[in-house]
Amino acid sequence: MNKSVIFLFLAFTLATSCAQKSDYVVTIKTNQGEMIALLYDETPKHKANFIKLAKEHYFDSLLFHRVIAGFMIQGGDPNSKKAKPGEQLGNGGPGYTVDAEFNPKFFHEKGALSAARLGDGQNPTKASSGSQFYIVQGTIIPESNMDDLRIDQMKLNMGFRQLMQNPANKPLIDSLNQVYMAGDMEGYKRKVFALVPRIEKETVMKITKDVSPEKIKAYTTVGGAAHLDGDYTVFGKVIKGLDVIDKIAAVQTSSERPVEDIRMFVTVEEMSKKKITKLYGYVYPEVKK
């Protein structure tokens, strides 16, 4: 049986078992404590791949090699196992990628387990690294800044440029320039956001996004990294040990690499969903028939 058949069989087996009464619990142990995570059935390729690597002990002794406070902690580069102090990391992997599996239900709230990847220029399909992943720490978004979630910034920039190129809008542009030149960046931002209905009407471009109440609640309470949504595959979630994310994110770094190595040891255990809820308090969403 070739490797691709084995991989597909594993994916099928995981999907079948998870659709029933069991799931896989991921434990990530570090010198800062341990994190417990679950992987989503709706991202079956990522789930099967992560469990396969964990069962092979692929992640054991690898580093969290990239740490940015208020953003995320990243690991899974096989080159980090024997890396020398100060050695640049982040380019290693198992020799394959995983197809992107974007799902609007899953977003970059604190604790989100997501796949790292190469940038769009080298990777237009946004395929995920075969082994590198990151866990979100993020920051809390004040409710007063909810427009940051509801507005597609890239489309807004495009529409705003079109608006500026229309000679009939010169008085408006002049008034905006006055605010900008005065250094009032918050005032400038508010005025631009207030123009969204007008920009949408003149450019026939939908700039506002529908944001679920669940997403708004998460980003305004526990926080996250909303700007990554829709660009990187979120395939799991830390359900215990959020404080460990904070501890790792707070360590001293040099060029984003922790000065003192933080190694991971990853295990997976199949467990009944009932037991998972009892041990960790995680309540599985009801499956709609």
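These legends cover the whole chain and then several close-up views of a predicted model. Residues are numbered from 1 along each chain as its sequence is written, and side-chain values use heavy atoms, with hydrogens and water left out. Local features need pLDDT of at least 70, side-chain atom pairs count only at pLDDT 80 or more, and totals for chains, interfaces and linings use all residues.

**View 1. The protein chain has 10 helices and 12 strands.** Helices (H or I, at least four residues) and strands (E, at least two) are DSSP runs, numbered from the N terminus. The C-alpha trace spans about 65 × 55 × 40 Å along its principal axes. Of the 289 residues, 45% count as buried, meaning under 20% relative accessible area with a 1.4 Å probe, protein chains only. Contact means heavy atoms within 4.5 Å. Among contacts with a separation of 6 or more, 76% join residues 24 or more positions apart.

**View 2. Eight strands form a closed barrel.** The order is β1-β2-β9-β6-β8-β4-β3-β12, with antiparallel pairing. From one strand to the next, the twist averages 35°. Axes are lines fitted to C-alpha atoms, for helices over the stretch in contact, and angles run from 0 to 180 degrees between N-to-C directions. Strands of a sheet pair through backbone hydrogen bonds, either parallel or antiparallel.

**View 3. Strands β6 and β8 pair in the antiparallel sense.** Strand β6 covers residues 112-115 and strand β8 residues 133-136. Three bridges link them; two strands pair if DSSP finds at least two bridges between them. Ser114 stands opposite Tyr134 in β8.

**View 4. Helix α2 lies across strands that include β1, β2 and β6.** Helix α2 spans residues 44-55. The helix also lies across β8, β9 (234-240) and β12 (263-272). Its direction runs at about 115° to β12. Helix α10 (residues 273-280) packs on the sheet and touches β1, β2, β9 and β12. The direction of α10 makes about 125° with that of β12.

**View 5. Gln74 is buried in strand β4.** Strand β4 covers residues 72-75. Gln74 has a relative accessible area of 9%. Not counting residues up to four places away in sequence, Gln74 touches Leu63, Phe64, His65, Arg66, Ala116, Gln132, Phe133 and Tyr134.

**View 6. Ser254 lies in strand β10.** Strand β10 consists of residues 253-254. At 48% relative accessibility, Ser254 counts as partly exposed, a class between the buried limit of 20% and the exposed limit of 50%. Ser254 and Arg66 are 188 residues apart along the chain. Their C-alpha atoms are separated by 9.6 Å.
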